[in-house]
Amino acid sequence: MEREATGRFGNGLLASLPIALAYFPVAVSFGVTAAKTGFSFAEAAFMSIVIYAGASQFLAVALLAGNASPLLAVVSLLAMNARHLLYAPALLTLVRQTGASVVSTRWSWFWAHGLTDEVFASAAARVAGRQLRWGEAWQAGIGLGAYAAWVSGTIVGALLGGGAFERWPAVDAALAFLMPALFLSLLLAMLERRQWPVVVVAMLAFALGSALFSTSTGILLGMLGGGLAGAFIPGNADATTGEERP
Amino acid sequence: MSVTFVLVCVTVGVGTYLFRYLPTHFGGRGRSNGALAGPLGKFLSSVGLGAVAALLAAALAPYVAPFAREVVAGGLGREEVRAASAALVGVVVTVVVFRWRSGVASATLAGAAAYGLAWWLP
């Protein structure tokens, strides 16, 4: 286990490096996809700056390029991002349970924009693994590093244009696998043996939700299913209090 | 940039920001350690792991689901086998490198590179 890092801005920026390394190429492919479907450089960059939610941006491009109604687009994209509602309470609960007496959220208006899936997962993994004394400055640092990678990657991709990867399909394929590899690494960083029921229930709930409804509903059901498994399956201790640690 | 495009992006952007920002005022501020014990505390501390597990399943689904559908249908397409076997290589290399180096960045990059290589090889 790494030594516990302090919650400084610089440490947060450093912690954003793995996310930035994964975000940048994915954002490049988003920029390329946007250019391929007829969006201008300014439109692709605007989307990444304002929405800043990877999967829903790809969906936004597909919906808007397909002339979907604006209302349908807004409702679909917001429904897809509703899972973010649980991230701050989950993260702050972890922080408190690992020993912080008072958790300030005075600057959350600043760092909340950066609380994406990967930033949340990375922060939660470090807090749960007791590698970090969480602070708002750290959260701002990790969020800003990831945001910069996402926006700059989009700009590079949009400038490269729609045909950028046509000559290198293997590179295109490898870039697409960055997100599964990142989530798998983050899962390995968070996981303890007795928490397997949470993972199994979350994946089963995802499979059910995505088969019956949609991928985003599946993710939401997976989160809720994992949370319920953690709360109610006997023997699955609280992830962070240490009360039932071996 | 059309007005409709700007309105859709701004509405979704503001809504997503509020999804992330408003709940920062629940679940942490000013409470002492252990105040949220019991089922709700356990639920919230497991939601993170559940989220990552579900996001991983969602990210792997495009590689696994078409392969599984082909198997159920009784036939196997070349592209489905290619993507699923390359994904298996990517997953194994990610786990091995993570166990070896304990680093998220190195494991992620190695897994993606292994996937690309396995996909490219005949």
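The accessible surface of chain A in this predicted model amounts to about 10000 Å², with 68% of that area belonging to carbon and sulfur atoms, as computed by the Shrake-Rupley method with a 1.4 Å probe, where for residues only the protein chains shown count as cover. Of the 246 residues of chain A, 57% count as buried, the term denoting under 20% relative accessible area, as against exposed for over 50% and partly exposed for values in between (1.4 Å probe, protein chains only).

Residues are numbered from 1 along each chain as its sequence is written, and chains are lettered from A and ligands numbered from 1 in the order in which they are written. Local features need pLDDT of at least 70 and side-chain atom pairs count only at pLDDT 80 or more, while totals for chains, interfaces and linings use all residues, and side-chain values use heavy atoms, with hydrogens and water left out.

Chain A contains 13 helices and zero strands, where helices (H or I, at least four residues) and strands (E, at least two) are DSSP runs numbered from the N terminus. The C-alpha trace of chain A spans about 55 × 45 × 35 Å along its principal axes. The radius of gyration of chain A, 19 Å, agrees with the value near 18 Å that a compact globule of 246 residues would have, the radius being taken over C-alpha atoms and the globule rule being 2.2 Å times the number of residues to the power 0.38. Among contacts (heavy atoms within 4.5 Å) between residues of chain A at least 6 apart in sequence, 80% join residues at least 24 apart.

The domain assignment of chain A gives domain 1 (9-190) and domain 2 (193-246), with bounds that come from an automatic or database domain assignment. The centres of these two domains of chain A, taken over C-alpha atoms, are separated by 22 Å.

Most residues other than glycine have a negative phi.
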